[in-house]
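Please consult the sequence and the structure shown below while reading.

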Amino acid sequence: MRLTLCLSVLVLCVARLCFAQDSAAAPAANATHIMVVRARVLIDGTSAQPRQNQEIVIRGDRIADVYAAGTRPPPAGAEVLDLGAATVLPGLIDCHTHIFLQGEVPAAGGYDVQLLKFPASYRVARAVVAARRALEQGFTTIRDVETEGAGYGDVGIKQAINEGYIPGPRMFVSTRAISSTGGYNLEGYAPEIVVPKGAQLIDGPVEARKAAREQLDHGADWIKVYMTHRSWVDEQGALVSQPTLTVEELKAIVDETHGWRKKVACHAYNGIGLQRALDGGCDSIEHGLELTDAQIAQMVKQGTWLVPTLAVYYHDPEPPDTPGGMRDCKRVAVHGVSFQKALRAGVKIAFGTDVGGFPWSEPIAQEFPRMVEFGMTPMQAIQAATSRGAELLGKRGELGTVAPGAYADLIAVPRDPLADINALKNVAFVMKNGSVFRSTLRPAGN
Ligand SMILES: [Zn+2]
């Protein structure tokens with residue numbers, strides 16, 4: 001009997017996986033479909049402690065109930081999916097991705113070659129792969145913070161995912177991003193040549209507001225702005241970054257975006273640009289490499305989020321004896337300290353990686369051990385990528401939690417992530433919207 005049940009579960013898994021691969025994943029499970037997922041260990045994204053032996057009832061694309069196994073009979077007609085000894089968590093949320101970046105290395109033409117030589121179709125094809133990579137690794141939701149010269153490509157990919165044509169995470173998109181003249185790549189070309197830019201460049205509050213309106217009109221869920229651009233180490237050994245938008249320009253963008261009930265993410269390293277980001281009313285500071293105590297206090301007071309993206313700055317540093325290498329060393333040196341101070345002060349921190357800045361072939365979860373290295377407990381790091389990420393996205397209770405009413409986004413890992421956070425690099429089961437996308441777990445009893 002038990003063997004039969006296990007086999008039937010296996011067949012169901014295989015059938016659903018085949019469906020997922022053939023049809024590129026339905027956008028949501030059939031609304032009448034009822035499933036019970038058995039979790040030996042459940043980290044629900046919000047509770048301080050894991051819970052043992054839970055059953056998660058899923059109706060269509062939502063979680064209907066969560067309770068201790070055996071305390072209630074399963075609903076009539078429910079498909080039972082026992083995930084064995086694995087640890088079950090909510091689908092993960094990466095609040096800082098770039099599906100249109102591929103971790104370009106200078107030897108292969110770096111950033112510029114994408115905008116100058118690659119057909120848009122090639123970039124879209126690779127972005128489709130990147131979206132799939134996110135989902136495979138258990139990231140069922142991403143906030144993709146600009147397309148790097150690929151226009152509104154993220155809007156179309158999000159639509160294709162939502163309509164079930166391609167597999168991928170739930171996407172919050174920010175389209176083109178906004179910076180100022182002299183505030184973004186491509187640069188360094190002869191002034192007589194007009195080259196494409198990786199962001200929409202504006203000057204003055206009127207142009208700033210117009211750019212925000214255009215981007216919101218064309219489907220941006222968030223507006224992304226660059227508040228700093230170039231960075232270097234000065235004669236005193238301090239990290240300096242060039243500010244871009246003025247406070248007045250940012251205020252115009254924030255005012256417009258908040259009017260649409262949407263939010264503004266600000267790339268800001270440190271110094272004047274970061275201060276302008278805070279004074280202009282930015283909703284999330286991206287990177288925040290070097291935060292002063294006063295800036296941390298301002299973030300706490302204003303409720304500004306920090307999305308630190310620690311791991312990406314360890315990639316491909318330039319040679320240490322060059323100006324670029326000195327900058328790369330300094331960035332890493334100040335970043336961890338800032339993160340620790342912000343964490344201690346109670347700044348709201350959400351998980352973000354800047355993946356795309358490093359190749360999509362690498363584990364996105366490499367950010368987790370960096371967060372733990374700099375002072376988070378494994379549970380805090382997990383919550384940064386679940387309930388806290390959901391809060392940043394304005395989806396508290398719907399995403400990043402395993403609780404009644406939430407979307408049925410679940411993952412499972414064979415090893416305990418609270419014992420070793422690196423366990424999150426090996427996600428063996430992914431469900432999004434109640435549909436199983438991937439399962440390499442052995443069925444229970446086998
Ligand atoms: Zn980024």
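In this predicted model, the residues lining the largest pocket comprise 9 nonpolar, 13 polar and 12 charged ones. The volume of the largest pocket is about 1,200 Å³. Its lining counts 34 residues, of which Tyr111, Asn185, Tyr269, Arg327 and Arg331 are the closest to the centre. At least two lining residues come from each of β11 (222-226), β12 (228-233) and α9 (323-345). The largest share, 4 residues, is supplied by β12.

**Zinc site.** The zinc ion has as protein donors His96 (NE2), His98 (NE2) and Asp354 (OD), at 2.1 to 2.2 Å. Along the chain, these donors are spaced as H-x1-H-x255-D. His96 and His98 are both buried.

**Cysteines.** The structure contains 1 disulfide, formed between Cys266 and Cys282. This pair links distant parts of the chain, 16 residues apart: Cys266 belongs to strand β14 (residues 263-268), and Cys282 to the loop between α7 (271-279) and β15 (284-287). Both of these cysteines, Cys266 and Cys282, are buried. The torsion about their S-S bond is about 130 degrees, so the disulfide is right-handed.

Cys95 is buried. The closest cysteine sulfur to that of Cys95 belongs to Cys282 and is too far away for a bond, because the two lie 13 Å apart. Cys329 counts as partly exposed. Values for the cysteines are set out below.

| Cysteine or pair | Quantity | Value |
|---|---|---|
| Cys266 and Cys282 | S to S distance | 2.3 Å |
| Cys95 and Cys282 | S to S distance | 13 Å |
| Cys95 | relative accessible area | 0% |
| Cys329 | relative accessibility | 44% |

Terms used. Residues are numbered from 1 along each chain as its sequence is written. This is a predicted model: local features need pLDDT of at least 70, side-chain atom pairs count only at pLDDT 80 or more; totals for chains, interfaces and linings use all residues. Side-chain values use heavy atoms; hydrogens and water are left out. On a 1 Å grid over the protein atoms alone, a cavity is a set of points where a 1.4 Å probe fits but cannot get out, and a pocket is an open set with protein on both sides within 12 Å along at least five of seven lines; lining residues have an atom within 4 Å of a point. Grid points are joined across faces, edges and corners, and a volume is the space filled by probe spheres set on the points. Ala, Val, Leu, Ile, Met, Phe, Trp, Tyr, Cys and Pro count as nonpolar, Asp, Glu, Lys and Arg as charged, and the others, Gly among them, as polar. Donors are N, O and S atoms within 2.8 Å of the metal (3.2 Å for Na, K and Ca); water is not among the atoms, so sites may look incomplete. Buried means under 20% relative accessible area, exposed over 50%, partly exposed in between (1.4 Å probe, protein chains only). A disulfide is a pair of cysteine sulfur atoms within 2.5 Å.
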